[in-house]
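Dear colleague,

Here is the structure you were expecting. My notes on it follow below.

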Amino acid sequence: MFAKSVAARATSLVAGAAFAFALLTSPVLADAKFERWVAGFRTTAQKNGISKSTLDRAFRGVTAPDPEVLEKARYQPEFTAPVWDYFDNRVHEQSISVGRQMARQWKNWLDRIESRFGVDRHILLAIWSMESNYGEILKHDRVMRNVVRSLSTLAYADKRRAKFARTQLLAALKILQSGDIDVSHLTGSWAGAMGHTQFIPTSYQAYAVDIDGNGRRDIWNSIPDALATAANLLRKNGWQSGKTWGYEVSLPPGRKFPGGSMSLARWQSIGVTRTNGKPFPRPSEKAELKVPDGRAGPAFLMTRNFFVLKRYNNADKYALAVGLLADEIAGYGGLERDWNRPFTKLSFAEKQELQKRLGSVGLYDGPIDGKIGSGSRGAIETYQKRVGMPVDGHPSMEVLNRLRR
């Protein structure tokens, strides 16, 4: 959406790096300008009902923009992830196994949440995995940052996000003022997404729930509150209890299909059937055909709940990943037809081995997390060049076998 020409992107990155460097090396000038902005914003915040004591607590120690937030805001990755890459990094053995473990560990709370909101527990577990790796990212200081400082930085220095950031900053201050969380725990991503289920402040205000009954809606420290808040968002946006998000289907070869929504019975009448051979349980239900990997990859008929999932994150891949991971956690099994990969797929453990072996030859120093991001791909490409393999950056069995030798 924010694609630029190569030259423009390079200029932007150089300018961004220079600005971040200036913030670090010229604190007096940068701080003076930023503090003037903060003073002006405090006046606006007080007019919006934020008390002086809340502002004093919120901005104590916030004396300069966060250069890492600006770096992340300006970074535009060159790599456009193919469909299989997106799903392989999110729906895998570990995310499924931990999801099942969490289903057992939090069963009593999930019973209560499911009963109150009507949202399937496995969907909530999949969202928790997608948003924060079951809370693991909340343990990393380099990921979780001071929300007030992050949003102030964006409002002050990022013209494209300034309006969004000011709105979210006001909402964050109201959350702090409400007493739901103290300032030391008001942390989030560089863009202000907070807690186990990564809610931006305005969404928190709209949907946050205190289900554990301690008087605070705490999505940072209370897993029940975080999962109930996600359930409340889905319910208020039209989640249909007891119904699925969609079905994997088989398409008859050589046939064109209409766009838009039709009843499942109508889809079946033109040759679209479930891959598992079972009938559609509610033939009158409306559904829309999606083929994220083209006709040669898996195909899906998406029902209403799929589009409700997109209210959490408005991307087809996100909603589909939540649905697929939820089904795996629930024990329904994976895809009948796999994604089109131009290589032999690795298991999650084999991806970790790949990262370790790349590290052992001096090419990778990132986390051994089984997730193939830009650092892993860059290391793979360098290794492929070194040994004369085709350079594609794919985490393949071919590369791993070569490393093993």
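Arg161 sits in the loop between helix H9 (147–157) and helix H10 (162–178); helices here are DSSP runs of H or I with at least four residues, strands are runs of E with at least two, and both are numbered from the N terminus. This is a predicted model, in which local features need pLDDT of at least 70 and side-chain atom pairs count only at pLDDT 80 or more, while totals for chains, interfaces and linings use all residues. Residues are numbered from 1 along each chain as its sequence is written, and side-chain values use heavy atoms, with hydrogens and water left out.

Arg161 has 17% relative accessibility and counts as buried (buried is under 20% relative accessible area, exposed over 50%, partly exposed in between, with a 1.4 Å probe and protein chains only). Its side chain makes a polar contact with the side chain of Asp158, at 2.8 Å. A polar contact is a pair of N or O atoms within 3.5 Å; within protein, one must be able to donate a hydrogen and the other to accept it, and residues adjacent in sequence count only if both atoms are side-chain atoms. Not counting residues up to four places away in sequence, Arg161 touches Ala73, Leu154 and Trp190 (contact means heavy atoms within 4.5 Å).

**Helix H7**

In helix H7 (residues 107–117), the buried residues are Leu110, Ile113 and Phe117. They fall within an arc of 65° seen down the axis of H7, so they line one face of the helix; the arc is that of the directions from the helix axis to the C-beta atoms. Asn108 and Ser115, on the other side of H7, are exposed. The buried residues of H7 pack against helix H6 (93–105), helix H8 (121–132) and helix H12 (223–236). After H7 comes Gly118, with a positive phi near 75°.

**Cores**

The largest nonpolar core has 83 residues, and Phe59, Ile123, Leu173 and Leu234 have the most contacts inside it. Its largest share, 9 residues, comes from H15. A nonpolar core is a set of buried Ala, Val, Leu, Ile, Met, Phe, Trp, Tyr and Cys residues joined through side-chain atoms within 4.5 Å. Another core, of 14 residues, lies apart from it, and includes Met262, Leu264, Ile270 and Leu301.

Leaving aside neighbours within four places in sequence, Leu234 is in contact with residues including Val119, Ile123, Trp239 and Tyr312.

**Aromatic rings**

The structure holds 16 aromatic pairs. Rings of Phe, Tyr and Trp (its six-membered ring) pair if their centres lie within 6.5 Å; planes under 30 degrees apart count as stacked, over 60 as edge-to-face and the rest as tilted. The ring centres of Trp84 and Phe343 are 4.9 Å apart with planes at 75°, so this pair is edge-to-face. Trp84 lies in helix H5 (residues 83–88) and Phe343 in the loop between H15 and H16, so the pair ties together parts 259 residues apart in sequence. Both Trp84 and Phe343 are buried.

For Tyr204 and Trp220, the centres are 5.7 Å apart and the planes at 45°, so the pair is tilted. Tyr204 is buried at 0% relative accessibility, and Trp220 is buried at 6%.

Phe34, Trp37, Phe41, Phe59 and Tyr156 form one aromatic cluster.

Regards
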